[in-house]
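Hi everyone, thanks for coming along. Please take a look at the sequence and the model on the screen, and then I'll walk you through what is in there.

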Amino acid sequence: MSSLGRWCLSLLTSSLFIVPAIAGCVSRAASLPTQALGGTPAPSPTFATVEATATVVQAPTETAVPARRGEELLGESWQGRPIVGHWFGDGHQKVVLVGNIHGGTEQNTHRLALEMIAHFEEHLEEVPPSVTLWIIPTANPDGLADGTRRNAHGVDLNRNADNDSDSCKENDWVSDTHTTEGIIEGGGGPFPFSEVETRLLRDFLADARVAIFYHSIAGMIFVTSCADHRPSAELARRLSDATGYPFSEEGWASYPVTGAMVDYLAHQGVAAVEVELTTKVDTEFDRNLAGLTAVMESVDE
Ligand SMILES: [Zn+2]
């Protein structure tokens with residue numbers, strides 16, 4: 001409402017009518033519907049007209065219900081593909097699912113995230129009032145499009161984080177990384193957080209309460225390899241109870257994992273886990289929805 005309209009209304013509701021002043025309000029108020037109706041002759045400025053018009057003008061926009069879900073462009077990959085976050089609810093606890101970080105070799109994690117989005121679009125009421133749930137279908141859209149585990153620069157986005165300042169050495173960032181296929185030269189990038197995608201995740205997750213990264217196919221749940229962050233371990237146990245995936249407290253034993261996102265986040269105080277699906281095919285939706293539900297219901301404890 002314009003300040004003139006507001007002033008006119010207060011004048012109308014006061015007991016001190018000043019006729020010349022109210023006449024200005026009448027002509028102003030009466031002109032509004034005339035314009036809206038495309039040239040209908042203005043009604044004569046009687047007091048009854050003013051009251052009716054004032055009622056229309058008074059209809060406020062404050063009654064509009066704020067949106068409780070939406071999507072946001074968080075940034076772009078090296079090749080310019082969008083990295084999008086879908087959010088549900090408006091609580092103060094930020095719970096984030098990162099569906100896919102290992103691109104095309106773990107496509108089922110991307111599909112799981114899309115199924116989660118579709119589910120909460122239909123069941124927004126399942127997000128507790130204290131939670132804002134964010135789902136990022138993929139943080140590695142170039143790898144997903146190209147069918148590769150690594151991003152468009154050949155960097156493994158889960159080996160690029162700066163873990164040098166936490167309590168254990170074995171997870172520190174290195175450029176040449178270990179995989180089941182042997183050592184990948186430059187797989188960790190030229191320096192920690194060298195990649196646009198990992199910087200985006202680092203910044204977006206800085207104020208998260210919970211971060212869950214999906215992978216395949218170990219069929220287990222992992223936390224920081226320092227094993228020194230109780231909120232992450234509690235998150236892993238709760239997810240394990242609800243999903244049935246075992247929590248591997250010893251971490252990944254087959255080769256050294258360096259520069260992993262969950263290690264970095266735990267050191268920043270964010271409860272962070274990796275959930276590994278059991279195959280490269282299925283999304284294992286039901287058990288993962290059960291896990292997420294258990295986490296959201298307990299996040300305020
Ligand atoms: Zn993975």
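Of the 301 residues in this chain, buried ones make up 40%. Buried here is a matter of counting: a residue qualifies if 20 or more other C-beta atoms, placed from the backbone, lie within 10 Å of its own. Keep in mind that this is a predicted model, where local features need pLDDT of at least 70, side-chain atom pairs count only at pLDDT 80 or more, and totals for chains, interfaces and linings use all residues. Residue numbers start from 1 along each chain, as its sequence is written.

So what is the chain built from? It has nine helices and nine strands. These are DSSP runs, helices being H or I with at least four residues and strands being E with at least two, numbered from the N terminus.

Let's go to the sheet. Seven strands form an open sheet, ordered S1-S2-S4-S3-S7-S9-S8, with mixed pairing. Two strands pair if DSSP finds at least two bridges between them. At the edges sit S1 (69-76) and S8 (221-222), each pairing on one side only. S8 runs antiparallel to S9 (residues 271-277), and two bridges hold that pairing; in it, Ile221 has Val275 of S9 as its bridge partner.

Now find strand S3, residues 93-98. Is S3 mostly covered or mostly open? It is mostly covered, with five of its six residues buried. S3 and S4 (residues 131-136) run parallel and are joined by six bridges, and Val96 stands opposite Trp134 in S4.

Finally, a pair of helices. H7 (residues 230-243) packs with H9 (residues 285-298) at an angle of about 135°, their axes 8 Å apart. The axes are lines fitted to C-alpha atoms, for helices over the stretch in contact, and angles run from 0 to 180 degrees between N-to-C directions. H7 and H9 are therefore oblique to each other, as angles under 35 degrees count as roughly parallel, over 145 as roughly antiparallel, 65 to 115 as roughly perpendicular and the rest as oblique.

Who makes the contact? On H7, the residues include Leu235 and Leu239, and on H9 they include Ala290 and Val295. Contact means that the C-beta atoms of two residues, placed from the backbone, lie within 7 Å.

Methods: A residue is buried if 20 or more other C-beta atoms lie within 10 Å of its own, exposed if 12 or fewer, and partly exposed in between; C-beta atoms are placed from the backbone.
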